[in-house]
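We will go stop by stop.

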Amino acid sequence: PWSPLPLLTQLPAAARQLPFSTACVRCSNRRLRQKRVISERKLTRYFVDHRKVRVVGGQGGGGGHSFYSEPRKIFGGPDGGNGGDGGHVILKADRQMKSLSSVLPFYKGFHGGRGGSKNCYGANGACVYVKVPVGTLVKEDGEVVADLTHDGEEYVAAYGGAGGKGNRFFLSNENRAPTLYTPGEPGQERVLHLELKTTAHAGLVGFPNAGKSSLLRAVSRARPAVAAYPFTTLNPHVGIVHYQDYEQVAVADIPGLIKGAHQNRGLGMAFLRHIERCSFLLYVVDLSVSQPWIQLQDLKYELEQYKKGLSERPCVVIGNKIDLPQSKINLPLLKEQVDHRVIALSALTGDNLEELLLHLRELYDTYVKTEQSQGHSPVKW
């Protein structure tokens, strides 16, 4: 019998040490292609909090036009059935959706089926369900028409058209052989504006360059853009803080707060609405500036002018940039001027982040107990 051993003995010593394979030697030494490294800019994700959507209901099916006929019963009369109704376009709140980024600019319901002979009705068009996050406001011409605040809550954005009538419908004693039948009606057409009010547990509130984005990067996997020069976030971000008992606390970075924001200055009220549904607030102040307690007073004033009672929610004051020399001088002065608890930390170096995470969990547990005592279900991420 044939054996490959004589051929192997003629190969060099280095080749004889390789395991026997049917693959090409050149292909076996080829390195695996490495995955391309994605840049930090492309990894940055932020949620879309507003969308303009055009919705059109499905058109109703036309009515049938036929006459019953069979042997020995030629004049059986009209038997055209009615058409099916068009499908609706329905907005449905889903807790798994966290952004409006997946919402398309146009939706249309399915058309209804046409009526058939033998008095058969056409099938109704299927409804189109559009999943939106919990906390979505639906506006039409500037007026709120729906507020989807609970998981599974639905709102019919556009009704489908009614099906047409077949000639059987028009049968009467005066007209025993009607030929009249009607087409299906067109579906409802609307242009809606969807706005998302973030249902995060905690909201990071602070003026630009206070370090909110850096702090969110330090406590979660969110990657908002940061820079070494004066920089302000233009889009809201949400980060999730994970704990060992699998509890998750959502923290939202609310941009756009400057003096006069309640008067629509700067980014204005475009992002102030996200603070409305935050259960507790994290005021971030820059300890390196002179009189940092003035920042806290201005922040509370802006929130109170936007909505009365908003600044009275449970909160904690975070003194950021404690690694700077001037911050250590201002820290005791801030504690004297502020009645709330002050946590001094550095989002850049990570100093004292443990104290913030522990206190954040205390605020979350208090929120859960309060909601359960009032018979409400707390928001879970």
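Start with a loop residue. Select Asn119, which is partly exposed because its relative accessible area is 37%, between the 20% and 50% cut-offs. Asn119 sits in the loop between strand S3 (106-108) and strand S4 (128-133). Most residues other than glycine have a negative phi.

Keep in mind that this is a predicted model.

**The whole chain**

Now select everything. The chain has eight helices and 14 strands. Of its 381 residues, 43% count as buried. The chain exposes about 22,300 Å², and carbon and sulfur atoms supply 53% of that area. Now think about contacts with a separation of 6 or more: residues 24 or more positions apart account for 72% of them.

**A buried serine**

Select Ser66. You will find Ser66 in the loop between strand S1 (50-56) and strand S2 (89-94). Is Ser66 buried or exposed? Ser66 counts as buried, because its relative accessibility is 16% and the cut-off is under 20%. Show the side chain of Asp79 as well. A polar contact of 2.5 Å joins the side chains of Ser66 and Asp79. Leaving out residues up to four places away in sequence, Ser66 also touches Pro78, Gly80, Ser117, Lys118 and Asn167.

Select strand S9, residues 202-205. Ala202 and Leu204 point one way, while Gly203 and Val205 point the other way. All four of these residues are buried. In a regular strand the side chains alternate between the two faces of the sheet.

S9 and S11 run parallel and are joined by three bridges. Gly203 has Ala252 as its bridge partner in S11. Look for Leu204, which stands opposite Leu282 in S12.

**The cores**

Color the nonpolar residues. The largest nonpolar core holds 27 residues. Which members touch the most others? They are Val205, Ile275, Leu281, Tyr283, Leu303, Leu334 and Val338. Elements that give two or more residues to this core include strand S11 (248-253), strand S12 (280-286) and helix H7 (325-337). H6 supplies the largest share, four residues. In soluble globular proteins, nonpolar side chains tend to be buried together.

Zoom in on Leu334. Leaving out residues up to four places away in sequence, Leu334 touches Val285, Leu287, Pro292, Trp293 and Val342. A second, separate core has 26 residues, among them Ala222, Val241, Leu282 and Val368.

**Helix H8 and its ends**

Select Asn352, in the loop between S14 and helix H8 (353-373). Asn352 is not a glycine, yet its phi is positive, about 65°. Asn352 counts as partly exposed, at 30% relative accessibility.

Now select H8 itself. How far apart are its end C-alpha atoms? They are 31 Å apart. At 1.5 Å a residue, the 21 residues of H8 should span 30 Å, so the two values agree. Buried residues of H8 include Leu353, Leu356, Leu360, Leu363, Tyr364 and Tyr367. His359, Arg361 and Glu371 are also on the buried list. An α-helix has 3.6 residues a turn, so residues three or four places apart point the same way.

Finish at Gly375. Gly375 follows H8, and its phi is positive, near 80°.

Key. Residues are numbered from 1 along each chain as its sequence is written. This is a predicted model: local features need pLDDT of at least 70, side-chain atom pairs count only at pLDDT 80 or more; totals for chains, interfaces and linings use all residues. Side-chain values use heavy atoms; hydrogens and water are left out. A nonpolar core is a set of buried Ala, Val, Leu, Ile, Met, Phe, Trp, Tyr and Cys residues joined through side-chain atoms within 4.5 Å. Buried means under 20% relative accessible area, exposed over 50%, partly exposed in between (1.4 Å probe, protein chains only). Contact means heavy atoms within 4.5 Å. A polar contact is a pair of N or O atoms within 3.5 Å; within protein, one must be able to donate a hydrogen and the other to accept it, and residues adjacent in sequence count only if both atoms are side-chain atoms. The expected span of a helix is 1.5 Å times one less than its number of residues. Accessible areas come from the Shrake-Rupley method with a 1.4 Å probe; for residues, only the protein chains shown count as cover. Two strands pair if DSSP finds at least two bridges between them.
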